[in-house]
Amino acid sequence: LQSRLTTDYSVLAKKKDCLERYQKSDKALKQVSAQKKDLVESAIAKFKTSDTNRNSAEDRFCQICKMFYDKPGTLGIEFRTRGKPKIRFAPEFPKDRSDGIEKIKVFTFDLTMFEQQRKCGRKMDFLVHDSSIFDSVDPRQVAKALEEADRVTVAGGSQYICALNADKLPVNDFTTGYDVNGKIVLTLEDGPMQNSLLGVGF
């Protein structure tokens, strides 16, 4: 009887311990859920008070788009609470047969966001693009994009960096009087190793 009593008591003690741990976990879960709810509500409130910044970004995106196409593009910005809360950006351009439209859309979005973060007091003062940003893009659009990026960054005291192959630089499509050669700060070559990036071969 004593042996059975000891065994049953041990089983009950374990069940009691499991129950206490469950109750603590349940309490902690409720606290986390409440904190999550407060966090989402706070984020939504802040999002609603940022109408001016959102409208400014949407207008600027549309303005840059019109530099390349007759019809303006749109930049949808919304706060989604379904599933994991997140801010969704939906840049859209007019339908076009150009293979480079997606690249120009990315460029336009990047430049828009770069300008907006500067207006909001953020510290990032440079924007960098690899040569792939202009793959399949009409040379005239490339020239417009480079000129606009240059204008924006110079006016804001920041810097735009773009790596381009020499044969992809549309030297004949820039605005008359625009000194594109004066904007080239570094030329890398395939020849001597010391003329390559960091003097290292990859």
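Phe126 sits in strand β3, which covers residues 126–129. The model is predicted. Phe126 counts as partly exposed because its relative accessibility is 40%, between the 20% and 50% cut-offs.

Phe126 also belongs to a nonpolar surface patch.

## Overall fold

The chain holds four helices and four strands. Read from the N terminus, their order is α-α-β-β-α-β-α-β.

The chain has 202 residues, and 26% of them are buried. It exposes about 14800 Å², with carbon and sulfur atoms supplying 53% of that area. Among contacts with a separation of 6 or more, 58% join residues 24 or more positions apart.

## Packing of α2 against α4

Helix α2 spans residues 51–68 and helix α4 spans residues 139–155. The two pack at an angle of about 145°. Their axes lie 9 Å apart.

On the α2 side, the contact uses Arg60, Met67 and Phe68. On the α4 side, it uses Gln141, Lys144, Ala145, Glu148, Arg151 and Val152. By type, the contact residues are four nonpolar, one polar and four charged.

The whole structure contains seven salt bridges. One of them pairs Glu148 with Arg60, at 2.5 Å from N to O. Glu148 is in helix α4 and Arg60 in helix α2, so this bridge ties together parts 88 residues apart in sequence. Are these two residues buried or exposed? Glu148 is buried, because its relative accessibility is 8%. Arg60 is buried as well, with a relative accessible area of 7%.

Glu148 has a second salt bridge, to Arg151, at 2.8 Å from N to O. Glu148 and Arg151 are three residues apart in helix α4, so about one helical turn separates them. Arg151 is partly exposed, with a relative accessibility of 46%. A network of salt bridges links Arg60, Glu115, Glu148 and Arg151.

Glu78 forms a salt bridge with Arg88. The closest N and O atoms are 3.6 Å apart, within the 4 Å cut-off. Which elements does this pair tie together? Glu78 lies in strand β1 (residues 74–80) and Arg88 in strand β2 (residues 86–92), so the bridge joins parts ten residues apart in sequence.

Glu78 is partly exposed, at 33% relative accessibility. Arg88 is partly exposed too, with a relative accessible area of 34%.

How values were computed
Residues numbered from 1 in each chain as written. Predicted model: local features only at pLDDT ≥ 70, side-chain atom pairs only at ≥ 80, totals over all residues. Heavy atoms only, no water. Buried < 20%, exposed > 50% of the residue type's maximum accessible area, 1.4 Å probe, protein only. Contact = heavy atoms within 4.5 Å. Areas by Shrake-Rupley, 256 points an atom, 1.4 Å probe, with all protein chains shown as cover. Axes fitted to C-alpha atoms, helices over the stretch in contact; angles between N-to-C directions. Nonpolar A, V, L, I, M, F, W, Y, C, P; charged D, E, K, R; others polar. Patch = residues over 30% accessible without salt bridge, like charges linked within 9 Å, V, L, I, M, F, W, Y side chains within 5 Å. Salt bridge = Lys/Arg side-chain N within 4 Å of Asp/Glu carboxyl O.
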